[in-house]
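Trainee: I have not seen this structure before. Please show me how to read it.

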Amino acid sequence: MFHQSSRILLLLSAIALPAAAVAAPSAADIAAGKSIAFNRAEGNCLACHVLPGGTMAGDVGPDLTHFPFKIVFHNRQKLVHFLYDPEKTIPHINMPQFGKNKVLTHHQLELVADYLWSLQK
Ligand code: HEC
């Protein structure tokens, strides 16, 4: 009986480890991601999307204020992949290929993803 429960504990810690290895984004990362998203010369997401606190937002793309990021993308890495090359997920999408066309670096895309992820409580 003792052996069995310690085995289960071992198994549980093996499952919990990879999740713990992915650090939660810091407030600074989220703020940096927001500034990239809002900057007209960087992400310029406001050209096509409404985001909380953003001004003069376009409506070519969906309003992202209440977008279910966690349901649609499951994890931040999938959101980074989408931003890298949206065409791969949604063919013919009228959204810049931020990573593929080197508009934003991989690190910048990760910061933007941290920011978007933080919008859904
Ligand atoms: C030129 C316009 C344009 C810009 C700039 C733009 N997008 Fe989009 N985006 C779109 C359009 C159009 C869609 C909707 C495509 C559809 O649903 O068919 C979209 C969809 C999305 C979606 C939802 C994807 C889904 O699975 O439904 C997310 C998230 C997103 N954009 C994030 C961003 C972020 C973050 C930025 C800035 C880094 C950005 N977009 C910049 C046009 C744009």
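Mentor: Start with the terms: helices (H or I, at least four residues) and strands (E, at least two) are DSSP runs, numbered from the N terminus. The protein chain here has six helices and zero strands, and along the sequence the pattern reads α-α-α-α-α-α. Residues are numbered from 1 along each chain as its sequence is written. This is a predicted model, in which local features need pLDDT of at least 70 and side-chain atom pairs count only at pLDDT 80 or more, while totals for chains, interfaces and linings use all residues.

Trainee: How many residues does helix α6 have, and what does it reach from its first C-alpha to its last?

Mentor: The expected span of a helix is 1.5 Å times one less than its number of residues. Helix α6 (residues 106-119) has 14 residues and reaches 20 Å, close to the expected 20 Å.

Trainee: Which residues of α6 are buried?

Mentor: A residue is buried if 20 or more other C-beta atoms lie within 10 Å of its own, exposed if 12 or fewer, and partly exposed in between, with C-beta atoms placed from the backbone. In α6 the buried residues are Leu109, Glu110, Leu111, Val112, Ala113, Asp114, Tyr115 and Leu116. They pack against α2 (27-38), α3 (69-73) and α4 (76-84). Across the protein chain, buried residues make up 21% of the 121 residues.

Trainee: Which residues of α4 are buried, and why are they on the same side?

Mentor: An α-helix has 3.6 residues a turn, so residues three or four places apart point the same way. In α4 the buried residues are Leu79, Val80, Phe82 and Leu83. They lie on the same side of α4 because they cover an arc of only 160° around the axis, taken from the directions from the helix axis to the C-beta atoms. Their cover includes α3, α5 (86-89) and α6.

Trainee: Which residues have the most contacts inside the largest nonpolar core?

Mentor: A nonpolar core is a set of buried Ala, Val, Leu, Ile, Met, Phe, Trp, Tyr and Cys residues joined through C-beta atoms within 7 Å. The largest one has 19 residues, and those with the most contacts inside it are Ala37, Leu79, Leu83, Leu109, Val112, Ala113 and Leu116. At least two residues of this core come from each of α2, α3, α4 and α6, and α6 gives the largest share, six residues.

Trainee: What does Leu116 touch, leaving out residues up to four places away in sequence?

Mentor: Two residues are in contact if their C-beta atoms, placed from the backbone, lie within 7 Å. With residues up to four places away left out, Leu116 touches Leu64, Phe69 and Leu79.

Trainee: Where is Leu46 found?

Mentor: Leu46 sits in the loop between α2 and α3. Leu46 counts as partly exposed because it has 19 C-beta neighbours inside 10 Å. Beyond four places in sequence, its contacts are Phe38, Leu51, Gly54, Met56, Ala57 and Gly58.

Trainee: Where is Lys100, and what does it touch?

Mentor: Lys100 is in the loop between α5 and α6. Lys100 is partly exposed, because 13 other C-beta atoms lie within 10 Å. Not counting residues up to four places away in sequence, Lys100 touches Tyr84 and Asp85. The C-alpha atoms of Lys100 and Asp85 are separated by 5.9 Å, although the two are 15 residues apart along the chain.

Trainee: Which residues come nearest to the ligand?

Mentor: A residue is near a molecule if its C-beta atom, placed from the backbone, lies within 6 Å of it. Of the 22 residues around the ligand, Gly43, Cys45, Cys48, Gly61 and Met95 come nearest.
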